[in-house]
Amino acid sequence: MKVKYFAWLRQKVGTSEEDVSPPSDVATVQDLVTWLSAQSARHADAFSEAKVFGAAIDKKVATFATPIAGASEVAFFPPFTGG
Amino acid sequence: MSVRVQREDFDVGAELAALAAGNKRVGAITSFVGLVRDLHVREGYHREAVSAMTLEHYPGMTETALEEIEAEASKRWPLEATLIVHRYGRLEPGDRIVLVAVASPHREAAFEACHFLIDWLKTKAPFWKVEDTPKGEQWVGAHEGDDQAAKKWER
């Protein structure tokens with residue numbers, strides 16, 4: 001599964017994307033955040049940021065409760081600030 | 001109905017002329033152009049000079065999100081054509097960021113749909129801005145006002 005990071009999450013993690021293979025008990029977006037946070041101090045720091053962040057699964061906005069089974073790409077990002 | 005996400009600038013006059021060219025049902029065209037400002041007011045009072053802004057987006061998701069926003073506008077108002085052009089990359093104060101244009105038989109629909117499109121775009125399309133300020137790079141946070149502006153269109 002590919003994980004992408006945008007904006008300050010990308011800067012804090014230190015990469016824009018990475019391939020990960022979480023164990024099967026990592027079932028939801030929240031589980032993935034918890035699992036990624038245990039992978040490195042940079043991940044833990046990025047995800048501990050008090051500001052809210054959001055997620056998308058295969059380029060569709062997801063919630064932290066959304067299952068990730070079958071996902072090929074999960075993205076994490078701060079609130080959108082376009083326009 | 002058309003969306004473009006591009007690094008290059010756009011010509012507002014040419015885009016508006018092309019929007020409804022040859023379509024005799026169109027009685028009104030409205031547009032919104034967003035520009036980079038040289039000042040950012042943070043938390044309502046703290047002012048910071050901005051020398052440049054860099055826009056980042058999520059290729060693939062951005063286009064889909066903009067198309068969904070256009071589709072929603074077309075469900076709500078009788079529209080003949082819509083256009084969203086949004087730039088990314090490094091921009092300086094005075095540069096154009098975004099163009100939203102709407103063509104409709106009627107002006108009320110054109111005004112309302114244009115307002116709706118820019119309000120929803122701000123909270124539903126995956127763009128992020130980082131500003132160069134005297135204190136260094138600063139990510140632009142989501143504005144509560146933008147959320148409230150988007151909410152007024154919720155059904």
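This is a predicted model: local features need pLDDT of at least 70, side-chain atom pairs count only at pLDDT 80 or more; totals for chains, interfaces and linings use all residues.
Residues are numbered from 1 along each chain as its sequence is written, chains are lettered from A and ligands numbered from 1 in the order in which they are written, and side-chain values use heavy atoms, with hydrogens and water left out. Helices (H or I, at least four residues) and strands (E, at least two) are DSSP runs, numbered from the N terminus.

**Nonpolar cores**

- The largest nonpolar core holds 32 residues, and A:Phe76 and A:Phe77 have the most contacts inside it. Such a core is a set of buried Ala, Val, Leu, Ile, Met, Phe, Trp, Tyr and Cys residues joined through side-chain atoms within 4.5 Å.
- Two or more residues of this core come from each of β1 (2–5), α1 (7–13), α2 (29–37), α3 (41–48), β3 (54–57) and β5 (73–77) of chain A, and from β9 (127–133) of chain B.
- Another core, of 30 residues, lies apart from it, and B:Trp77, B:Ala109, B:Ala110 and B:Cys114 are among its residues.
- As background, nonpolar side chains tend to be buried together in soluble globular proteins.
- Setting aside neighbours within four places in sequence, A:Phe77 is in contact (heavy atoms within 4.5 Å) with residues of both chains, including A:Phe6, A:Leu9 and A:Phe53 as well as B:Tyr58, B:Met61 and B:Trp128.

**Helix α3 of chain A**

- The buried residues of α3(A) are A:His43, A:Ala46 and A:Phe47. Buried means under 20% relative accessible area, exposed over 50%, and partly exposed in between (1.4 Å probe, protein chains only).
- Down the axis of α3(A), these buried residues fall within an arc of 90°, so they line one face of the helix. The arc is taken over the directions from the helix axis to the C-beta atoms.
- On the face turned away from the buried side of α3(A) you will find the exposed residues A:Ala41 and A:Ser48.
- The cover over the buried residues of α3(A) includes β1, α1, β2 (17–19), α2 and β5 of chain A.
- Where α3(A) starts, a side-chain oxygen of A:Ser40 comes to within 3.3 Å of the backbone nitrogen of A:Arg42.

**Where the chains meet**

- Chain B contributes 26 residues to the contact and chain A contributes 19 residues.
- Between them the two chains bury about 1800 Å², 60% of it on carbon and sulfur atoms. Buried area is the accessible area (1.4 Å probe) that two parts lose on being put together, summed over both.
- There are two salt bridges between chain B and chain A. A salt bridge here is a side-chain nitrogen of Lys or Arg within 4 Å of a carboxyl oxygen of Asp or Glu.
- The side chains of A:Arg10 and B:Glu56 form a salt bridge (2.5 Å, N to O).
- On the side of chain B that touches chain A, α3(B) gives the most, with five residues.

**The β3–β4 region of chain A**

- A:Asp58 sits in the loop between β3 and β4 and has a positive phi of about 45° although it is not a glycine.
- A:Lys59 is in the loop between β3 and β4 too, with a positive phi near 70°.
- For context, most residues other than glycine have a negative phi.
- A:Asp58 counts as partly exposed at 35% relative accessibility, and A:Lys59 is partly exposed at 28%.
- A:Lys60 belongs to strand β4 (residues 60–62) and counts as partly exposed at 44% relative accessibility.
- Beyond its neighbours within four places in sequence, A:Lys60 is in contact with A:Ala55, B:Thr64 and B:Glu68.

**Two residues of chain B**

- B:Glu131 lies in strand β9 and is buried, with a relative accessible area of 5%.
- The side chain of B:Glu131 makes a polar contact with that of B:His40 (2.7 Å).
- B:Lys152 is in the segment after α4 (144–151) and counts as exposed at 51% relative accessibility.
- Leaving out neighbours within four places in sequence, B:Lys152 is in contact with B:His115 and B:Asp119.

Methods. A polar contact is a pair of N or O atoms within 3.5 Å; within protein, one must be able to donate a hydrogen and the other to accept it, and residues adjacent in sequence count only if both atoms are side-chain atoms.
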